[in-house]
Amino acid sequence: MTKTFNELMREARALVREVWPDEAARLVQSGVRLLDVREQHEWEEGHIPGALHVPRGYLEMEIESALPDRNAPVILYCAGGVRSLLAAREMKEMGYVEPISMAGGFQLWKSEGRPWTQPKVLTPEQKRRYSRHLLIPEVGAEGQAKLLESRALFIGAGGLGAPALLYLAAAGVGTIGVVDFDTVDLSNLQRQVIHTTDRVGQKKTDSAKEAVQALNPDVEVIAYDEMLTEENVARIIEGYDVILDGTDTFETRYTLNDAAVRAGIPVIHASVFRFEGQLTVFQPYAGPCYRCLYPTPPPPELAPGCSVAGVLGVVPGTLGILQATEALKLLLGIGEPLVGRLLIYDALDMSFQELKLRRDPHCPACGDAATGHPAVQASAGAGAPIASVAPVVQLQPPTARPLGRID
């Protein structure tokens with residue numbers, strides 16, 4: 001039997017709860033998700049911050065990926081409240097327990113002076129270049145715009161930095177800084193895939209910049225043709241959202257660590273030795289820092305560089321790509337970064353092991369008494385006790401050991 005539009009709306013209202021924007025705002029504050037079911041061009045003209053976007057025409061195909069939990073409440077909105085009501089009815093029929101429609105839609109929300117945002121609109125060329133990102137609900141156009149506005153700094157354009165630079169550039173990270181004072185040598189090319197034979201003798205920063213800009217002209221590359229030192233580290237890292245550590249000496253790692261902790265910038269650390277690799281994320285005060293993991297550097301004979309011990313060329317490539325993966329997660333705010341976790345890789349038996357790490361409350365860089373610690377800042381001049389960050393349980397063997405330098 002055919003039904004009129006009014007009949008469909010009456011049936012939908014009998015099944016679906018409707019709320020006005022004021023109640024929707026309260027529900028959002030309590031943790032209920034928002035779902036925008038308007039078309040792409042409407043979304044680009046403005047939307048409610050934090051909302052997921054699944055156009056009404058793709059709802060049945062995409063909603064299960066965007067919202068896998070059918071028991072969680074969700075507030076749908078469109079321009080005026082009609083499409084969202086009908087979409088909520090469809091979600092009911094798909095087994096979603098509590099889809100809610102916002103009456104009045106985005107137009108009423110906006111007219112009442114509630115917060116909304118207008119995303120950066122990608123150009124047609126960018127939409128083609130990043131099309132596979134745009135299909136992922138966790139990235140989408142908003143996430144891609146965030147990447148284009150992000151800033152990542154690489155310390156070293158060598159075995160770790162080479163693949164990570166290429167992949168973050170390909171992903172559209174808008175500004176990439178590269179710190180390296182060396183030149184390309186023929187022996188580098190076995191693993192440093194960003195450089196080429198015709199660039200032997202060229203500065204590594206210039207070679208890396210040339211490769212990145214050839215891959216993606218959207219990316220601005222800032223080259224620092226200098227050694228990272230105590231004197232310049234604060235200047236170099238200022239303004240970056242994330243740092244990828246491909247340093248080649250333990251002294252430089254400590255210098256970078258201490259400065260990054262003071263600046264509150266996360267560092268994605270990796271190191272390799274022959275067939276082995278290690279990876280972790282040092283998020284200031286949310287987990288341990290490099291000094292917590294290795295309070296003192298090992299004797300040189302226990303951690304030789306690859307020029308002495310050798311390295312299988314693909315191992316730094318594997319770790320560099322994992323570094324890039326962690327960087328994208330941090331920049332997009334998705335997934336579970338390796339904060340407080342050390343990933344250990346063995347290429348010979350293709351195994352991954354994970355150790356839980358804990359922050360040292362007595363660490364001179366990030367410990368409870370460190371001047372940059374949030375508890376210290378909050379209690380400055382107030383005489384309040386310093387709060388301690390609860391440590392993560394430390395797993396037993398295998399034990400982490402610092403791996404050698406990689407250049």
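Ala, Val, Leu, Ile, Met, Phe, Trp, Tyr, Cys and Pro count here as nonpolar, Asp, Glu, Lys and Arg as charged, and the others, Gly among them, as polar. The model is predicted, so local features need pLDDT of at least 70 and side-chain atom pairs count only at pLDDT 80 or more, while totals for chains, interfaces and linings use all residues. Residues are numbered from 1 along each chain as its sequence is written, and side-chain values use heavy atoms, with hydrogens and water left out.

**View 1. The largest cavity is lined by residues that include Asn257, Phe282 and Cys289.** A cavity is a set of points, on a 1 Å grid over the protein atoms alone, where a 1.4 Å probe fits but cannot get out; a pocket is an open set with protein on both sides within 12 Å along at least five of seven lines; lining residues have an atom within 4 Å of a point. Grid points are joined across faces, edges and corners, and a volume is the space filled by probe spheres set on the points. The structure holds two cavities of 30 Å³ or more, and the largest has a volume of about 40 Å³. Its lining also includes Ala260, Val261, Ile265, Val267, Gln283 and Pro284. By class, this lining has seven nonpolar, two polar and no charged residues. Helix H13 (residues 250-263) supplies the largest share, three residues. Helices (H or I, at least four residues) and strands (E, at least two) are DSSP runs, numbered from the N terminus.

**View 2. The second largest cavity is lined by Asp245, Arg253, Leu256, Asn257, Val267, His269, Phe282 and Tyr290.** About 40 Å³ of space lies in this cavity. Two elements, H13 and strand E10 (267-273), each give two or more residues to the lining, and H13 gives the most, with three. The lining divides into four nonpolar, two polar and two charged residues.

**View 3. The largest pocket has a volume of about 1,100 Å³.** Its lining has 41 residues, and those nearest its centre are His53, Ile136, Pro137, Val139 and Gly140. At least two lining residues come from each of helix H3 (40-45), strand E3 (52-53), helix H4 (59-66), helix H8 (131-134) and helix H9 (140-148). H9 gives the most, with five residues. By class there are 24 nonpolar, eight polar and nine charged residues in the lining.

**View 4. The second largest pocket has a volume of about 320 Å³.** Of the 20 residues that line this pocket, Gly156, Asp180, Phe181, Thr247 and Asp248 are the closest to its centre. The lining consists of seven nonpolar, six polar and seven charged residues.

**View 5. Helix H10 (residues 161-171) crosses helix H16 (residues 314-332) at roughly 35 degrees.** The two axes come within 7 Å, and the crossing is right-handed. Axes are lines fitted to C-alpha atoms, for helices over the stretch in contact, and angles run from 0 to 180 degrees between N-to-C directions. A crossing is right-handed if the near helix is turned clockwise from the far one by less than a right angle, and left-handed if anticlockwise. On the H10 side, Pro163, Ala164, Tyr167, Leu168 and Ala171 make the contact (heavy atoms within 4.5 Å). By class, the contact has ten nonpolar, two polar and no charged residues.

**View 6. An open sheet of eight strands has the order E8-E7-E6-E9-E10-E11-E12-E13, with mixed pairing.** Two strands pair if DSSP finds at least two bridges between them. Strand E8 (220-224) and strand E13 (351-356) are the edge strands, each pairing on one side only. From one strand to the next, the twist averages 15 degrees. Strand E7 (residues 175-179) and E8 run parallel and are joined by five bridges, and threonine 175 stands opposite glutamate 220 in E8. H10 lies across strand E6 (151-155), E7 and strand E9 (242-245), at about 165 degrees to E6.

**View 7. An open sheet of five strands has the order E1-E5-E4-E2-E3, with parallel pairing.** The edge strands are strand E1 (17-19) and E3, each of which pairs on one side only. Two bridges join strand E2 (residues 33-36) to E3, and leucine 35 stands opposite leucine 52 in E3. Helix H2 (residues 21-29) lies across E1, E2, strand E4 (74-77) and strand E5 (99-102), running at about 100 degrees to E1.
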